[in-house]
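Subject: Model handover

Hello,

Here is the structure for your files. My notes follow below it.

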Amino acid sequence: MNYAWPGNVRELRTAVEHAVVLSRGDRISLRDLPAALRAGVPAPASTRGAIRPDLTVAEAEKQLIIRALKEGGGNRTLAAQKLGMGRRTLHRKLHLYHLEGI
């Protein structure tokens, strides 16, 4: 509630999509929200809009998985930890999105 929302509705939509993708349960918790939002400060301009607001949840999840794998140098264990999911879950999603070769 203390967040200024400098990106207005687009930033809100991106934050909600991010939370939906990373949520581990039926409800969105604080840990599911982007770090900048949790801290109450605007995200740097370079990271705002990193996920297009017109993506489906599945497409956004796929992009997050690809990004986590790239940032982790292809290490699936690190990528799973970064995404907040188990390694087996990541493997199932890699298969689902046809990303096994990454």
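Where is the place of E61? E61 sits in helix 3, residues 57-71, of what is a predicted model. Helices (H or I, at least four residues) are DSSP runs, numbered from the N terminus.

First, the conventions. Residues are numbered from 1 along each chain as its sequence is written, and side-chain values use heavy atoms, with hydrogens and water left out. Because the model is predicted, local features need pLDDT of at least 70 and side-chain atom pairs count only at pLDDT 80 or more, while totals for chains, interfaces and linings use all residues.

Confidence

pLDDT is the predictor's confidence in each residue, on a scale from 0 to 100. For the protein chain the average is 80, and 81% of the residues score at least 70. Among the elements, the lowest mean pLDDT, 73, belongs to helix 2 (residues 35-39); the highest, 94, belongs to helix 5 (residues 87-96).

Leaving aside residues up to four places away in sequence, E61 touches V21, K93 and Y97; contact means heavy atoms within 4.5 Å.

The buried residues of helix 3 are A60, E61, L64, I65, A68 and L69. They pack against helix 1, helix 4 (76-83) and helix 5.

The length of helix 3 agrees with expectation: its 15 residues should span 21 Å at 1.5 Å a residue, and the end C-alpha atoms are 21 Å apart. The expected span is 1.5 Å times one less than the number of residues. Just after helix 3, G73 takes a positive phi of about 65°.

Helix pairs

The axes of helix 1 (residues 8-22) and helix 3 come within 10 Å and cross at roughly 75°. Axes here are lines fitted to C-alpha atoms, for helices over the stretch in contact, and angles run from 0 to 180 degrees between N-to-C directions. Helix 1 is therefore roughly perpendicular to helix 3 (under 35 degrees counts as roughly parallel, over 145 as roughly antiparallel, 65 to 115 as roughly perpendicular and the rest as oblique). V20, V21 and L22 of helix 1 meet V57, A60, E61 and L64 of helix 3. By class, the residues of this contact are six nonpolar, no polar and one charged (Ala, Val, Leu, Ile, Met, Phe, Trp, Tyr, Cys and Pro count as nonpolar, Asp, Glu, Lys and Arg as charged, and the others, Gly among them, as polar).

Helix 4 and helix 5 pack at about 100°, with their axes 9 Å apart, which means that helix 4 is roughly perpendicular to helix 5. The contact involves R76, T77, A79, A80 and L83 from helix 4 and R87, L90, H91 and L94 from helix 5. Those residues divide into five nonpolar, two polar and two charged.

Other residues

L78, in helix 4, counts as partly exposed because its relative accessibility is 44%. L78 and A68 are ten residues apart in sequence and 8.0 Å apart in space, C-alpha to C-alpha.

A4 lies in the segment before helix 1 and, at 63% relative accessibility, is exposed. From A4 to L37 the C-alpha separation is 9.4 Å, across 33 residues of sequence.

H98 is in the segment after helix 5. H98 is not a glycine, yet has a positive phi of about 60°. With a relative accessible area of 68%, H98 is exposed.

Regards

Definitions and conventions:
Helices (H or I, at least four residues) and strands (E, at least two) are DSSP runs, numbered from the N terminus. Buried means under 20% relative accessible area, exposed over 50%, partly exposed in between (1.4 Å probe, protein chains only).
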